[in-house]
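Subject: Structure handover

Hello,

Here is the structure we talked about. Please load it first, then read the notes below.

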Amino acid sequence: MHTITTTRTFAIAAALTLGLTLASCSTSNSGSEAGSSSSTSVASAHNDQDVMFAQMMLPHHKQAVEMSDMLLAKGSGVDSDVTDLAKQIKAEQSPEINQLTTWLKGWGESTESEHSGMGHSMSGMMSDSDMDDLDQASGNDAAKLYLEQMVQHHEGAVDMAKTEVDKGKNTDAVAMAKSIVSSQTEQITQMQDMLASL
């Protein structure tokens, strides 16, 4: 009888231990799941400003790459400093285009924006006729036009990026915006210096 009681007590103790272990496992699992989902939600946490920034910066960057491609396609006869800058702008903005697209898809937002059709001058976007002018220009005329247009283009991007820094919620988007403000402000000065020397 004593043996049976001891065995039964042991079995109950084992069951309780197992139950507690399972409970703690399930708690820690749900805790870690909550932790991972909360860290994921922190990474993807965003507001309307983040969406607007990504939706407007996307066509903006695409146009800058298109302008750079136009200039680079002209080949010789264009100042080499200007072509080097065009290559740099393309190298910097192409990966950001992919990143902006990834964010918007991750947030369940459209990569097209009702904002992108807003006034060209507001965001520094070039009009179709501006793009035609650049496409048809050659040599140093093309270099000069590219610089003039890209200064205006960068100024629009810097304005949009500053708004994102002030009002955005997504940490990665705000970090990109800060990088755009820094790099493009520097390039504006560089381009103004180039224009003065052309």
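Start with Gln-184. Setting aside neighbours within four places in sequence, Gln-184 is in contact with His-61, Gln-93, His-154, Ala-157 and Val-158. Keep in mind that this is a predicted model. Gln-184 sits in helix α7. Its relative accessibility is 3%, so Gln-184 counts as buried, the cut-off being under 20%. Its side chain also makes a polar contact with the side chain of His-154, at 3.2 Å.

Now the helix around it. α7 has 27 residues. Its end C-alpha atoms are 39 Å apart, which agrees with the 39 Å that α7 should span at 1.5 Å a residue. At the start of α7, a side-chain oxygen of Asn-170 comes to within 3.1 Å of the backbone nitrogen of Asp-172. Buried residues of α7 include Ala-173, Val-174, Ala-177, Ile-180, Val-181, Gln-184, Gln-187 and Ile-188. As a general point, an α-helix has 3.6 residues a turn, so residues three or four places apart point the same way. What covers the buried residues of α7 includes α2, α3 and α6.

Next, α3. This helix covers residues 80-106, and has 27 residues. From first C-alpha to last, α3 reaches 39 Å, close to the 39 Å expected. At its start, a side-chain oxygen of Asp-79 reaches to within 2.9 Å of the backbone nitrogen of Asp-81. After α3 comes Gly-108, with a positive phi near 70 degrees. The buried residues of α3 include Val-82, Leu-85, Ala-86, Ile-89, Gln-93, Glu-96 and Trp-103. They pack against α2 (48-73), α6 (139-167) and α7 (171-197).

How do α3 and α6 pack, in angle and axis distance? The angle is about 35 degrees, and the axes are 11 Å apart. The crossing of α3 past α6 is left-handed. On the α3 side, the contact involves Val-82, Leu-85, Ala-86, Ile-89 and Gln-93. On the α6 side, these meet Ala-143, Tyr-146, Leu-147, Met-150 and His-154. The residues of this contact divide into eight nonpolar, two polar and no charged.

That brings us back to the opening residue. Gln-93 and His-154 belong to the contact of α3 with α6, and both are in contact with Gln-184. I would look there first.

Best wishes

Note on methods: Residues numbered from 1 in each chain as written. Predicted model: local features only at pLDDT ≥ 70, side-chain atom pairs only at ≥ 80, totals over all residues. Heavy atoms only, no water. Helix = DSSP H or I, 4+ residues; strand = E, 2+ residues; numbered from the N terminus. Expected span 1.5 Å × (residues − 1). Buried < 20%, exposed > 50% of the residue type's maximum accessible area, 1.4 Å probe, protein only. Contact = heavy atoms within 4.5 Å. Polar contact = N/O pair within 3.5 Å; in protein donor to acceptor, adjacent residues only side chain to side chain. Axes fitted to C-alpha atoms, helices over the stretch in contact; angles between N-to-C directions. Left-handed = near helix turned anticlockwise from the far one by under 90°. Nonpolar A, V, L, I, M, F, W, Y, C, P; charged D, E, K, R; others polar.
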